[in-house]
Amino acid sequence: MKKYIHGIKKYALYCILITLSILLIYSVGEYIFVVFRSIIRHFLNAIGNGLLHKEGTLILIVIQQFMAGALLLMVLIELLESIYYYIKHDNTLYTRIVLEIVLISVLRHVIILDIAHTDYMNVIGLSLLVLVIGSFYLIFKKYFPNKLDQH
């Protein structure tokens, strides 16, 4: 029975891996398209309007959105790598991999956060969350080294 459940788990993980790979390919293509389209649009707007976007927002906000998109793609890549690593090494310490993905996700949220319009308690909460997750990650990295760390 255990072997049967293990086979179902591996099959489900391969299906997730294939689906996420297709999503990653599509997302990278769309990201490249949006970045180049926005660069061209902002270049044309910069000629007529200075560094302001059509709606009057600064170009830095657009750059911040590009970074958020890139970090979202990195989360997807990290998730793909962790599923692949989990399939290949069944005896791995999966907690560290999950902490890595969560830390990247929270940092992505922090980067896209509009600090000027955010309650200070939310900022303190996110800061503590990053501190706790980062601390746990460092503890796991120190006391439970991974085979990948040795290369």
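Tyr31 counts as partly exposed because its relative accessibility is 25%. Here buried means under 20% relative accessible area, exposed means over 50%, and partly exposed is in between (1.4 Å probe, protein chains only). Keep in mind that this is a predicted model: local features need pLDDT of at least 70, side-chain atom pairs count only at pLDDT 80 or more, and totals for chains, interfaces and linings use all residues. Residues are numbered from 1 along each chain as its sequence is written, and side-chain values use heavy atoms, with hydrogens and water left out.

So where does Tyr31 sit? You'll find Tyr31 in helix H1, which covers residues 2–49. Helices (H or I, at least four residues) and strands (E, at least two) are DSSP runs, numbered from the N terminus. The chain has four helices and zero strands, and reading along the sequence gives you the pattern α-α-α-α. Of the 151 residues in the chain, 26% are buried.

Ile25 is in helix H1 too, and Ile25 counts as exposed because its relative accessibility is 65%. Ile77 belongs to helix H2 (residues 59–88); with a relative accessible area of 36%, Ile77 is partly exposed.

| Pair | Apart in sequence | C-alpha to C-alpha |
|---|---|---|
| Tyr31 and Phe66 | 35 residues | 8.3 Å |
| Ile25 and Leu73 | 48 residues | 9.9 Å |
| Ile77 and Ile101 | 24 residues | 9.6 Å |

Now for how helices pack. Two packed helices are described by the angle between their axes and the distance between the axes. The axes of H3 (residues 94–112) and H4 come within 10 Å and cross at roughly 155°. That makes H3 roughly antiparallel to H4, a label for angles over 145 degrees. Axes are lines fitted to C-alpha atoms, for helices over the stretch in contact, and angles run from 0 to 180 degrees between N-to-C directions. The crossing of H3 and H4 is left-handed, meaning that the near helix is turned anticlockwise from the far one by less than a right angle.

Helix H4 spans residues 120–143 and holds Leu128. Leu128 is partly exposed because its relative accessibility is 49%. Together with Tyr120, Met121, Ile124 and Leu131, Leu128 makes a nonpolar surface patch of about 540 Å². Residues in a patch have over 30% relative accessible area and no salt bridge, and nonpolar side chains are joined within 5 Å. A salt bridge is a side-chain nitrogen of Lys or Arg within 4 Å of a carboxyl oxygen of Asp or Glu.

Notes: Patches are made of residues with over 30% relative accessible area and no salt bridge: like charges are joined within 9 Å, nonpolar side chains (Val, Leu, Ile, Met, Phe, Trp, Tyr) within 5 Å. Accessible areas come from the Shrake-Rupley method with a 1.4 Å probe; for residues, only the protein chains shown count as cover. Angles under 35 degrees count as roughly parallel, over 145 as roughly antiparallel, 65 to 115 as roughly perpendicular and the rest as oblique.
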